Amino acid sequence: MGKYQGYEKYKDSGVEWLGLIPEHWEVKSLRYSCEFLNKRRIPLSSEHRGSMLQKIYPYYGASGIIDYVEDFIFNEPTILIAEDGANLLSRSTPLAFIAEGEYWVNNHAHILKPFSGVFGFWANLLCIIEYDFWITGSAQPKLTKDNLASIKLPVPPLDEQETIARFLDHKTKQIDDLIAKKEILIEKLDEKRTALISHAVTKGLDPNVPMKDSGIEWLGEIPKHWEVKRIKFLIQNLQQGSSPLASNIPAQPDELGVLKLSAISRGNFIRHENKALKQTDNLINSLSLKHGDVLLTRGNTPKLVGDACVVPQDEPNLLISDLIYRIRVKDPVILPTFLGKFLITPQARSEIEADARGSSGSMVKVSQRHILDWLITVPPKSEQQKIIDYLNQKTSEIDQQKAKIQEAIERLKEYRTALITNAVTGKIDVRQVPIP
């Protein structure tokens, strides 16, 4: 951004987080710049929502689209800002985002529309503000309408708003296109990783080994000396967690925490995805994690339910929740890592998705009965270990490639945020920048 020059004259905005602004810009509270359309919010449980049998229109909440419904209450662009919810503290999702087209909004998001000026300018400005100072409460964090309306913001003349909006549209599209290309590379690496694991745990490592028909359509041929067994013959026990009272923040190292569904992701155990317990019960010892535990999500969306991973080390302070199963295998019949790898293959997914049950298309569950009857390939234990060692090496190489690409994506995102921030707060002057 060094090639862009700042404005000739600046003045103190009088707002600590904003600092200096161009001399001819104004500072206004949000209540004098945007109309609040909160009275038009309707919760999904309202009698006005209809039967909702046809899910056509996006249904927005505090963190974005949460469902689809059969009616809409908005057909104009607005800016939605989270009013309450855990994401106000966790920041796992943006606090401000744009809604366009025909859609429904519940009562957990503020709805803003600029009185005048350029929508693109205000959309960018409201998406980069740090709202922390105006959020109240910790157990139930909330960004009240009064607090939001009192936030003071920079207001350039209308022609500059238009120029800034056009500049950011052009530049952010360039950045977003670069990010999209890199994300495609990550998707291809994920596909390569999945294919590698799938082939290794269903066909083995020796391309010349004699094969036989497994007798199972979705599995096809397997090495002649392998077996196919039901999971119930390979495990010691299958246990479901509980739902203790927990907060919305991760547990500290010396605290007890319960795992979230996001702790299990495509074969990876993500330790920090947990919630600190507010109270304990007598199930804690039996629900804590040990090295080699195979975790499997009991409930989720159809594409995510049954996701699995293996716990890499003892975690005495972490517990499984009621939406997570823990499997402990029989030794020396099968290695937990082999079972964990098999459960994330497309072959296993066909079993899992066929057995998923639920009344809602967005949330389904798999039962213990179904899990126990799932089929899995079983090589000799020594061969299982060779397969795992091979996959650890190869997937590590893929993960390193992904990490480098992800670092580049994060840098682009940081640059994008900095560019937007500097443009909408007047730190750079974009009026003379040529835009194709």
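## R266 and its loop

R266 sits in the loop between strand 17 (264-265) and strand 18 (268-269); strands here are DSSP runs of E with at least two residues, helices are runs of H or I with at least four residues, and both are numbered from the N terminus. Although R266 is not a glycine, its phi is positive, at about 50°. With a relative accessible area of 56%, R266 is exposed (exposed means over 50% relative accessible area, buried under 20%, and partly exposed in between, with a 1.4 Å probe and protein chains only).

A word on the model: it is predicted, so local features need pLDDT of at least 70 and side-chain atom pairs count only at pLDDT 80 or more, while totals for chains, interfaces and linings use all residues. Residues are numbered from 1 along each chain as its sequence is written, and side-chain values use heavy atoms, with hydrogens and water left out.

## The largest pocket

R266 turns up again here: along with D190, T194, D307 and I344, R266 lies nearest the centre of the largest pocket, which has 21 lining residues. A pocket is an open set of points on a 1 Å grid over the protein atoms alone where a 1.4 Å probe fits, with protein on both sides within 12 Å along at least five of seven lines; lining residues have an atom within 4 Å of a point. The space in the largest pocket is about 630 Å³, a volume being the space filled by probe spheres set on the points, which are joined across faces, edges and corners.

Which helix gives the most to the lining of the largest pocket? Helix 4 does, with 6 residues. Helix 7 (346-355) and helix 9 (381-424) each supply at least two residues as well. By type, the lining has 11 charged, 5 polar and 5 nonpolar residues (Asp, Glu, Lys and Arg count as charged; Ala, Val, Leu, Ile, Met, Phe, Trp, Tyr, Cys and Pro as nonpolar; the others, Gly among them, as polar).

Seven residues of helix 6 are buried: P336, F338, L339, G340, K341, F342 and L343. Because 7 of its 8 residues (336-343) are buried, helix 6 is largely enclosed by the rest of the structure.

P332 lies in the loop between strand 25 (324-329) and helix 6. The peptide bond from D331 to P332 is cis, with omega near 15°.

## Salt bridges

The structure holds 23 salt bridges, each a side-chain nitrogen of Lys or Arg within 4 Å of a carboxyl oxygen of Asp or Glu. R41 and E83 form one of them, at 2.5 Å from N to O. That pair links distant parts of the chain, 42 residues apart: R41 is in the loop between strand 4 and strand 5, and E83 in the loop between strand 7 and helix 1 (87-90). R41 is buried at 18% relative accessibility, and E83 is buried at 8%. R41 and E83 also belong to a network of salt bridges with D84 and K142.

Another salt bridge joins D373 and K232 at 3.2 Å, N to O. D373 is in helix 8 (residues 368-373) and K232 in the loop between strand 14 (227-230) and strand 15 (235-240), so the pair ties together parts 141 residues apart in sequence. D373 is partly exposed at 32%, as is K232 at 37%.
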